Amino acid sequence: MNPLVDPFGRAITYIRVSVTDRCDFRCVYCMSEDMTFLPKQDLLSLEELDRLCSAFVRLGTRKIRVTGGEPLVRRGVMTLFRSLSRHIGAGALDELTVTTNGSQLARYAQELRDCGVERVNVSLDSLNPERFRKLTRWGDFAQVMKGIDAADAAGLKIKINAVALKGVNDEEAPEMIAWAHGRGFDLTFIEVMPLGDVAEARFDQYLPLTELRAQLSRRYTLAPSTHASGGPARYFDIAETGGRLGFITPLTHNFCESCNRVRVTCTGTLYMCLGQDDAADLREPLRRSESDSPLETAIRAAIARKPKGHDFLIERTESHASTRRHMSVTGG
Ligand code: SAM
Ligand code: SF4
């Protein structure tokens, strides 16, 4: 079967699949406190998610990242990991991984490892329990730490992702580096993106990572790393810690040339680009027939219109989101 290649010659080998829009946290930059979630019947069932992911694997996908919302709060989510792990066993998939807030990791870390998951991304914006609570509104810092310990003990490689927020957690950055690298975890800072309306003004939170990097250079020796993930992150090796630090700067850097990924929402909508609204409905072809052929045709047609690049913009004068979707809908 011909693998998926978009009109700009980019092979599409990586999908991020959101399995729920729900979450047990309410991070200030991601959701409002009174988020309205999708009716449950709109969501793809776990069997449908498996069919959808498996169709992508047949079309050349080598890496699947399960995300959300908080993926590990979806009931029965381990059934999906277990069934997708067959593709790893068969050599059709290189990597099955997950992005999580860590709240359920104490429960699931070992099971994830048993399903062939080797690495997890854990989002953690602060090491200060009080600040962590303020940022996540509902998060329990101790529970997340227990989750990280369990993941570590299960032999999962851990990458910490922290959203850099001006005047909120930037002063903690050196401490976070020392902690993460001290435990052998990679750490990546992410610029806040204008996705979905949340209560607070975006511009106030926006911290260009060039600024953070300059700040960190006064304390640490940052050498550009040869490590490349094929994604939007740029990496630096830190001499003092021996660890690796990433920066994801979607607003100040253009990483679209090497884009190999698409995103699927929990309702089966395929977004060809995080920063653009064009999308394709995969739920209808999925439900129309027991055969996967309408689904595969819909996927191919969508990839044929993957845009060249995105178009984020944070204007000083307006705090509205340039894209109406929340990250929790598209899948982070
Ligand atoms: N709940 C899981 C978690 O927090 O890791 C997975 C989904 S979450 C939407 C994925 C990532 O998106 C998290 O690292 C989060 O910090 C990030 N994120 C959410 N909203 C964002 C925004 N507006 N700008 C930048 N990153 C954002
Ligand atoms: Fe939930 Fe992740 Fe969004 Fe935080 S960033 S509210 S943990 S989906």
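**Strand E6 and its surroundings in a predicted model**

Strands E5 (residues 157–164) and E6 run parallel and are joined by six bridges; two strands count as paired if DSSP finds at least two bridges between them. Helices (H or I, at least four residues) and strands (E, at least two) are DSSP runs, numbered from the N terminus. This is a predicted model, so to speak of local features takes pLDDT of at least 70 and side-chain atom pairs count only at pLDDT 80 or more, while totals for chains, interfaces and linings use all residues. Residues are numbered from 1 along each chain as its sequence is written, chains are lettered from A and ligands numbered from 1 in the order in which they are written, and side-chain values use heavy atoms, with hydrogens and water left out.

Back to the E5–E6 pair. Ala164 has Glu191 in E6 as its bridge partner. To get from E5 to E6, the chain passes through helix H6 (residues 173–182), and this β-α-β crossover is right-handed, meaning that, with the strands pointing away from the viewer, the path from the first strand over the helix to the second runs clockwise. E6 is also joined to strand E9 (residues 244–248), by four bridges, and these two run parallel as well. Here Ile190 sits opposite Ile248 of E9, and Phe189 sits opposite Phe247 of E9.

How enclosed is E6 (residues 186–191)? Six of its six residues are buried, so the strand is largely enclosed by the rest of the structure. Buried means under 20% relative accessible area, exposed over 50%, and partly exposed in between (1.4 Å probe, protein chains only). In a regular strand the side chains alternate between the two faces of the sheet. Both faces of E6 are covered, with Asp186, Thr188 and Ile190 buried on one side and Leu187, Phe189 and Glu191 buried on the other.

Zooming out, 12 strands make up an open sheet with mixed pairing, in the order E7-E8-E9-E6-E5-E4-E3-E2-E1-E10-E11-E12. Strand E7 (222–224) and strand E12 (279–281) are the edge strands, each pairing on one side only. From one strand to the next the twist averages 25 degrees. The protein chain holds 11 helices and 12 strands, and 57% of its 332 residues count as buried.

Helix H5 (residues 141–153) lies across strand E4 (119–123) and E5, at about 150 degrees to E5. Axes are lines fitted to C-alpha atoms, for helices over the stretch in contact, and angles run from 0 to 180 degrees between N-to-C directions. H1 lies across strand E1 (14–18), strand E2 (63–67), strand E10 (261–264) and strand E11 (269–271), running at about 170 degrees to E1. Contact means heavy atoms within 4.5 Å.

H1 (residues 46–58) also meets helix H10 (residues 293–303): their axes come within 10 Å and cross at roughly 65 degrees. Arg51, Leu52, Ala55, Phe56 and Arg58 of H1 make the contact with Leu295, Glu296 and Ile299 of H10.

Arg137, in the loop between helix H4 (129–136) and H5, has a positive phi of about 65 degrees although it is not a glycine. Arg137 is buried, at a relative accessible area of 19%.
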